[in-house]
Amino acid sequence: MGRLNPLLVSTVLHHLDALETERKRAVARIRRRVWVKPCIQPRPLHGQYEQLMKELHAEDVSSFTNFMRMEPRVFNELLTRIAPRITKQDTNFRHSLEPGLKLAVTVRFLATGNSYKTLQYGFRVAHNTICEFIPQVCQAIIEELSDEVLMCPDTPEGWKQVAEDFYNHWNFPHCVGAIDGKHVAIKKPAKTGSLFYNYKGFFSIVLLAIVDAHYRFMYVDIGQTGSGSDAGVFNQSPFKTAIESGKLNLPAADPLPHDDQPLEYFLVGDDAFALRTWLMKPLPLHNMTHQQRVYNYRLSRARRVVENAFGLLAARFRCLLVTLPLTPERVIKITHACCVLHNFLLFRNPTADVATLDQEDQQHNHEVIPGSWRQDAHLPDMEQLYRGNTSRAAKEQRNYLVEYFNSPVGSVPWQDEILIIND
């Protein structure tokens with residue numbers, strides 16, 4: 001028997017490989033036709049987007065708002081704006097999902113923190129498909145809205161407007177923002193050891209934020225590891241570098257209202273941060289004089305804004321209250337989208353969730369009426385103690401504020417009465 005022609009053998013093997021490849025493609029096409037689970041197929045008849053949301057929109061707008069955390073008109077505006085970013089082309093094998101369905105599933109996930117498999121049965125969309133498009137929708141929200149609703153002023157006039165709002169609403173002058181940090185719980189990332197493990201005993205990333213007088217985020221730093229403190233996270237943030245180098249365009253020092261002594265503009269924060277001329281924080285609570293207590297009370301009125309902003313954020317988007325079983329990169333994107341949507345909703349309807357926030361009894365003594373967020377689960381705080389040096393200029397500035405808030409030009413009529421009530 002003669003030897004086989006090597007060229008012929010090669011040709012035959014090539015054709016056999018081609019046939020096998022085509023066979024696998026044919027099998028894959030057949031499998032693709034029957035891949036959709038029976039519970040997914042009746043989406044047009046039973047899906048929450050196709051049925052429930054349309055019924056709520058037509059018959060019960062308040063329930064639609066509760067379900068989506070936004071009014072129908074706001075949902076439709078958001079959909080119109082991000083649809084071009086999340087629309088996919090149909091293929092020969094299947095139709096792409098509607099942008100409205102993707103947005104509804106994403107917002108419902110942000111609002112509840114439900115697992116992808118739970119959302120699968122409500123919206124009749126496969127959980128692995130949901131896993132794929134939720135980060136895409138979050139990214140579209142960030143790209144479309146961030147420059148409009150989540151940004152710091154870039155001029156001295158803009159910062160002065162922020163300070164004026166703090167003075168008009170919270171009787172605290174020269175304040176250009178309230179700063180605080182919270183933990184967002186995550187599942188332990190692989191091969192990270194204790195890097196994300198925080199002092200409260202769980203794994204997390206940090207959400208550091210600066211808020212204006214209307215509970216809106218002006219700046220967020222998301223994603224630093226949970227093992228850091230507020231001060232440590234802030235020290236590594238671009239914002240601190242910018243404020244120390246004078247690149248924020250803060251206004252030049254000028255007198256407080258009805259005063260003649262120039263004073264710098266500053267942030268307000270809690271004991272986790274270092275006292276600086278551009279960051280005022282409370283005085284230590286032990287052995288305080290009445291004047292010092294007045295200062296702490298006045299500062300707490302401004303600092304409470306950031307606490308309420310976080311409370312409202314978590315009340316709207318409860319995904320931040322569960323331990324997210326996702327990679328840190330995806331959790332960062334989801335958290336960022338929540339902050340952007342928080343601001344977007346406040347711009348569209350500032351009074352929608354007013355009952356969630358702390359209120360003050362304006363008719364009597366300005367006593368604080370706690371908002372509903374304080375009785376509910378809320379984001380865990382960062383470490384509440386800074387152990388470091390304080391500049392002499394910062395101490396002198398804080399002492400000057402103590403004197404100012406106890407003077408005839410800087411006091412408010414109810415401050416002494418409220419301290420008596422709180423004793």
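The model is predicted, and its protein chain comprises 15 helices and 9 strands. Of the 423 residues in the chain, 47% are buried, and among the contacts with a separation of 6 or more, 69% are made by residues 24 or more positions apart.

The second largest pocket has a volume of about 510 Å³, and its lining is made up of 26 residues, with His169, Trp170, Ala213, Tyr215 and Leu357 lying nearest the centre. Helix H9 (156–170), helix H12 (290–316) and strand E8 (359–360) are the elements that contribute two or more residues to this lining, and H12 gives the most, with 6 residues. The table divides the lining of the second largest pocket by residue class.

| Class in the lining | Number |
|---|---|
| Nonpolar | 10 residues |
| Polar | 9 residues |

Helix H14, which runs over residues 392–405, has 14 residues and spans 20 Å from its first C-alpha to its last, close to the 20 Å expected at 1.5 Å a residue. The buried residues of H14 are Ala394, Gln397, Arg398, Leu401, Val402, Tyr404 and Phe405. Seen down the helix axis, these buried residues fall within an arc of 165°, so they line one face of H14. The face turned away from that buried side carries Arg392 and Glu403, which are exposed.

How values were computed: Residues are numbered from 1 along each chain as its sequence is written. This is a predicted model: local features need pLDDT of at least 70, side-chain atom pairs count only at pLDDT 80 or more; totals for chains, interfaces and linings use all residues. Side-chain values use heavy atoms; hydrogens and water are left out. On a 1 Å grid over the protein atoms alone, a cavity is a set of points where a 1.4 Å probe fits but cannot get out, and a pocket is an open set with protein on both sides within 12 Å along at least five of seven lines; lining residues have an atom within 4 Å of a point. Grid points are joined across faces, edges and corners, and a volume is the space filled by probe spheres set on the points. Helices (H or I, at least four residues) and strands (E, at least two) are DSSP runs, numbered from the N terminus. Ala, Val, Leu, Ile, Met, Phe, Trp, Tyr, Cys and Pro count as nonpolar, Asp, Glu, Lys and Arg as charged, and the others, Gly among them, as polar. The expected span of a helix is 1.5 Å times one less than its number of residues. Buried means under 20% relative accessible area, exposed over 50%, partly exposed in between (1.4 Å probe, protein chains only). The arc is that of the directions from the helix axis to the C-beta atoms. Contact means heavy atoms within 4.5 Å.
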